Amino acid sequence: MKRYNLLIVLLLLVFNVATAQKKGSPAADFSAVRETKTKIENTVPLVLKHLQDISTKEGDNNILANGKVALGKEYGILESEWRLYRMNMNNCILNNSSKKAKKCMQYHTQYLRNTLINYNNYITNLTRKNGYLGVEGDTKFDFNPSELTTKLSESYFNANDAAGRMKGTQKTEFLSQTLAEDYKLRPYAEMAQQ
């Protein structure tokens, strides 16, 4: 009789994990995390190209050198916040009831949104054509902080619902995937070398 109970428990456990992480289900979809990471990283070469164009036009390598340092500082602030955001969102889900978790996640998402807006303002102002005469056009970025944080928020809210259907260490394993190396921003020094 005990074997049958154990089998039922194992089947229920597998069913819970399968429904929580079913392919294509919103609960298992962390693509917004990867998309945000990619969009952040894609800004760096565009800004560096713009700085290179200005430096060449003006015949002054200090423009590129100083610009790289300043961009690295701004990127570093965002890189640090990105790491903290993913850790904090997971902690919100793991350490709170569903209602408190949503409040906690909203707080951290707002903080990330503010950091993304500051970064966006910096790179947008830096790459405007009126900064230096003779450099053609503004650099266009596919980088909208509000859109990115809305998608991230939805993704983590769905993850919270999925985690609610999981037991024990399943939650931790499920959420820890967002802390993997794949979701970490590339180091600025590495991108600035290219």
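**Exercise 1.** Classify Asp 161 by its relative accessible area: buried, partly exposed or exposed?

*Solution.* Take the cut-offs: buried is under 20% relative accessible area, exposed is over 50%, and partly exposed is in between (1.4 Å probe, protein chains only). Asp 161 has 37%, so it is partly exposed. Asp 161 lies in helix H5; helices are DSSP runs of H or I, at least four residues, numbered from the N terminus. From C-alpha to C-alpha, Asp 161 and Ser 98 are 7.9 Å apart in space and 63 residues apart in sequence.

The model is predicted: local features need pLDDT of at least 70, side-chain atom pairs pLDDT 80 or more, while totals for chains, interfaces and linings use all residues. Numbering starts from 1 along each chain as its sequence is written, and side-chain values use heavy atoms, without hydrogens and water.

**Exercise 2.** Which cysteines does the disulfide join, and where do they lie?

*Solution.* Search for cysteine sulfur atoms within 2.5 Å, the disulfide criterion. The structure holds one such link. Cys 92 is joined to Cys 104, S to S 1.8 Å. Cys 92 lies in helix H3 (residues 61-95) and Cys 104 in helix H4 (residues 98-126), so the link ties parts 12 residues apart in sequence. The angle about the S-S bond is -60°, and the link is left-handed. Now check accessibility. Cys 92 is buried at 1%; Cys 104 is partly exposed at 21%.

**Exercise 3.** At roughly what angle do the axes of H5 and H6 cross?

*Solution.* H5 (residues 145-164) and H6 (residues 169-176) cross at roughly 155°, their axes coming within 9 Å.

Terms used: Axes fitted to C-alpha atoms, helices over the stretch in contact; angles between N-to-C directions. Helix = DSSP H or I, 4+ residues; strand = E, 2+ residues; numbered from the N terminus.
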